Each structure stands twice: as structure tokens, then as C-alpha cells.
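Here is a friendly tour of one protein model. Have the sequence and the 3D view open as you read.

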Amino acid sequence: MYSCSIIIPTHNRPKLLQRSIKYYEENLFNNFKIIIVDSSKKKFEYKFKKNFFYKFLKNNSFSSKIFVAIKDSKTKFVILCNDDDFISFSGLKKGINFLNKNKKYSSYQGEFISFRK
């Protein structure tokens, strides 16, 4: 069903997580499985869209959260994007297309773009 899983790890940063969720709720990302792994002290309450999967893993380590999310992804491709970062839709599609055409490669790295005042 989903072509790629986007894993969003978070810990005690609800405002950043909400901002990230709003970004990925755009229609462009409907075909992606969004897995949020949250190790915060308090569960994040939000009405998630159907392609979002929230896992509350109170006080878990970063590596254990990622392990849980990867096991749950069940997609051909997985990308990790922290709650304070964003992935461009066009860059993600470019990476998926490259990996589909180049079977000898197992990963793809895009460019980092920074915005400052």
C-alpha cells in the first residue's frame, strides 16, 4: 500500500512534533506511511490521518525507538527524519526513483538546505 515509511523520532518536543505533522499532512505525502516514535514523558494527543502511526514508547532510547519503527515499517523504503527537520517531496521521490533504477545501491542521500534570517 505505502511506497515508503517516514520515521519521525521525538522526545518531549510537542510543538516541533505538531509542526512536523502539519507539514506531512499535505496531500503529497498521503502515499507514505508516517511512523512517529515518541519517548516523551507524556503521550501526544492528536487526531492523526490514516497514514500516520503513532507509537508512544515512554522513556525508550533513540535506538530502541528506531528499531521499533523499522520493524513496523513493512515498506520497501525507509527514511529517518527528526521532528525538527523536513523532507521535500520532490527530493524523496527522486531518491525512490534512483533506488528503483539502481539495484546495486542501498541508500540515497539528498542535499541539506538551510534557511536563516
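## A pair of strands

In S2, which residue is the bridge partner of Ile8? The partner is Ile36. Keep in mind that this is a predicted model. The strands S1 and S2 run parallel, and 7 bridges join them.

Strand S2 is mostly covered, with 7 of its 7 residues buried. Phe32, Ile34, Ile36 and Asp38 point one way from S2, while Lys33, Ile35 and Val37 point the other way. In a regular strand, side chains alternate between the two faces of the sheet.

## One face of helix H1

Helix H1 spans residues 14–24, and its buried residues are Leu17, Ser20, Ile21 and Tyr24. Viewed down the axis of H1, these buried residues fall within an arc of 100°, so they line one face of the helix. The general rule behind such a pattern is simple: an α-helix has 3.6 residues a turn, so residues three or four places apart point the same way.

What covers the buried residues of H1? The cover includes strand S1 (4–10), strand S2 (32–38) and strand S3 (52–56).

## The largest pocket

The largest pocket has a volume of about 1,000 Å³. It is lined by 28 residues, and the closest to its centre are Phe86, Ile87, Ser88, Gly110 and Glu111. Strand S4 (77–80) and helix H3 (89–101) are the elements that give two or more residues to this lining. H3 gives the most, with 6 residues.

By residue type, the lining of the largest pocket divides into 16 nonpolar, 8 polar and 4 charged residues.

Conventions
Residues are numbered from 1 along each chain as its sequence is written. This is a predicted model: local features need pLDDT of at least 70, side-chain atom pairs count only at pLDDT 80 or more; totals for chains, interfaces and linings use all residues. Side-chain values use heavy atoms; hydrogens and water are left out. On a 1 Å grid over the protein atoms alone, a cavity is a set of points where a 1.4 Å probe fits but cannot get out, and a pocket is an open set with protein on both sides within 12 Å along at least five of seven lines; lining residues have an atom within 4 Å of a point. Grid points are joined across faces, edges and corners, and a volume is the space filled by probe spheres set on the points. Helices (H or I, at least four residues) and strands (E, at least two) are DSSP runs, numbered from the N terminus. Ala, Val, Leu, Ile, Met, Phe, Trp, Tyr, Cys and Pro count as nonpolar, Asp, Glu, Lys and Arg as charged, and the others, Gly among them, as polar. Buried means under 20% relative accessible area, exposed over 50%, partly exposed in between (1.4 Å probe, protein chains only). The arc is that of the directions from the helix axis to the C-beta atoms. Contact means heavy atoms within 4.5 Å. Two strands pair if DSSP finds at least two bridges between them.
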